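Dear colleague,

Please find below the structure that I am handing over to you. My notes on its charged side chains follow.

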Amino acid sequence: MKTAFVWDEKCFWHFGGNYALLAPVGGLVQPMVAGGLPEAPETKRRLKNLMDVTGLSGELDMMSAPPASMEDLARVHPQTYLDTFKSKSDNGGGELGLRTPFGPGAFEIAALSAGLVIKAIEVVQTGQARNAYALSRPPGHHCLPDFPNGFCLLANIAIAIEAARAAGLGKKFAVIDWDVHHGNGTEAIFLDRDDVLTISLHQDRCYPHDTGGTEVVGEGAGAGFNMNIPLPPGCGHKAYLDAMERLVLPKLRAFDADLVIIACGFDASGFDPLARMMCSPETYKMMTRQVMEVTGGKLVAAHEGGYSELYVPFCGHAMLEEMSGSDIRADDPLHARITGQQPDAHADAFHRDVVTRLHAELQHGGVL
């Protein structure tokens with residue numbers, strides 16, 4: 001079985017309006033020559049382009065998918081929210097929530113983005129693919145049921161999980177969110193559930209500033225099934241692999257999910273404009289390998305953040321090399337630089353102590 005790659009050109013056409021990074025253009029904020037929100041199509045398009053140029057696309061099962069239906073969306077989002085979103089979308093666009101501007105037709109594109117994740121789960125759970133990557137855009141992990149934020153308009157992974165459950169394609173799901181920003185939306189949706197394990201590795205207090213602490217372990221039946229791993233800025237390759245090995249993988253093995261889904265942001269890279277981490281393509285390849293060793297290679301990844309047009313394609317390519325077992329390589333053009341900038345031995349020891357402290361806090365909270 002091949003690795004499936006689920007994508008659609010229309011997802012690259014989502015548009016967020018005239019911004020300069022996170023600030024609306026106007027007043028003293030001058031328009032940028034190549035401006036707009038950081039969540040722009042080029043990082044995703046350039047990943048697909050790189051795969052085409054190296055030949056990796058030819059080794060994957062490339063496919064698209066239909067949009068998520070209104071029934072699919074309504075399992076997670078209130079109908080009033082969906083109606084408001086669609087009305088604004090039909091009437092030229094606007095903004096809902098926080099940092100989620102959109103243009104005309106955004107509702108249909110966002111439903112398509114969720115549909116790509118639904119399809120990725122379907123082909124893996126029905127045995128059509130060993131694993132699958134959904135190049136979903138707009139992203140979804142910050143979106144609450146009735147409040148979008150952080151560029152996320154619909155909760156893609158949560159929608160896909162509920163669609164899979166309704167189709168009889170699984171009962172227990174685990175979500176590992178290694179986007180550099182806390183996966184607050186996915187956490188909130190499943191916080192009181194014991195059939196969905198949610199794990200978020202993120203830069204401490206990056207975004208949102210007030211979520212993502214280790215003390216949030218789940219509520220009611222979900223107590224012990226939410227794990228937050230806030231890591232200090234700049235911790236780099238070794239710290240991420242250490243946190244995966246000592247915190248994430250033991251919980252993943254104990255939970256024994258029917259399917260593991262990676263909320264896959266590449267914004268923990270050393271060249272991302274919205275964060276201060278030091279990961280590299282090799283980090284993403286090794287974290288993918290760690291998860292695949294637990295799952296036997298079976299997993300689904302849904303694209304989330306990552307805002308370096310240069311570096312996201314190489315991070316994504318490295319991950320897909322590992323998922324597919326391909327011998328095709330896209331060598332990291334900044335390998336020497338990112339390797340030379342990794343924390344020294346003293347900082348590595350400090351970061352290992354941080355992971356030890358996080359382990360103790362999660363044990364105290366009943367997660368480990």
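**Salt bridges and their surroundings**

K86 has a relative accessible area of 28%, so this residue counts as partly exposed. Please note that the model is a predicted one. K86 pairs with D90 in a salt bridge, where the closest N and O atoms are 2.9 Å apart. Both residues belong to helix α3 (residues 79–90) and stand four residues apart, about one turn of the helix. D90 is likewise partly exposed, because its relative accessibility is 47%, between the limits of 20% and 50%.

A second pair joins E39 and R137, whose side chains form a salt bridge with an N to O distance of 2.8 Å. E39 is in the loop between β3 (23–24) and α1 (41–54), while R137 is in the loop between β7 (131–134) and α5 (156–166); the pair therefore ties together parts that are 98 residues apart in sequence. E39 counts as buried, with a relative accessibility of 5%. R137 is buried as well, at 1% relative accessibility.

D8 is a further residue of interest. Its partner in a salt bridge is K10, with 3.2 Å between the closest N and O atoms. Because its relative accessibility is 11%, D8 counts as buried.

Beyond these pairs, a network of salt bridges links E162, R165, R193 and D195. In total, 23 salt bridges are present in the structure.

With kind regards

Methods
Residues numbered from 1 in each chain as written. Predicted model: local features only at pLDDT ≥ 70, side-chain atom pairs only at ≥ 80, totals over all residues. Heavy atoms only, no water. Salt bridge = Lys/Arg side-chain N within 4 Å of Asp/Glu carboxyl O. Buried < 20%, exposed > 50% of the residue type's maximum accessible area, 1.4 Å probe, protein only. Helix = DSSP H or I, 4+ residues; strand = E, 2+ residues; numbered from the N terminus.
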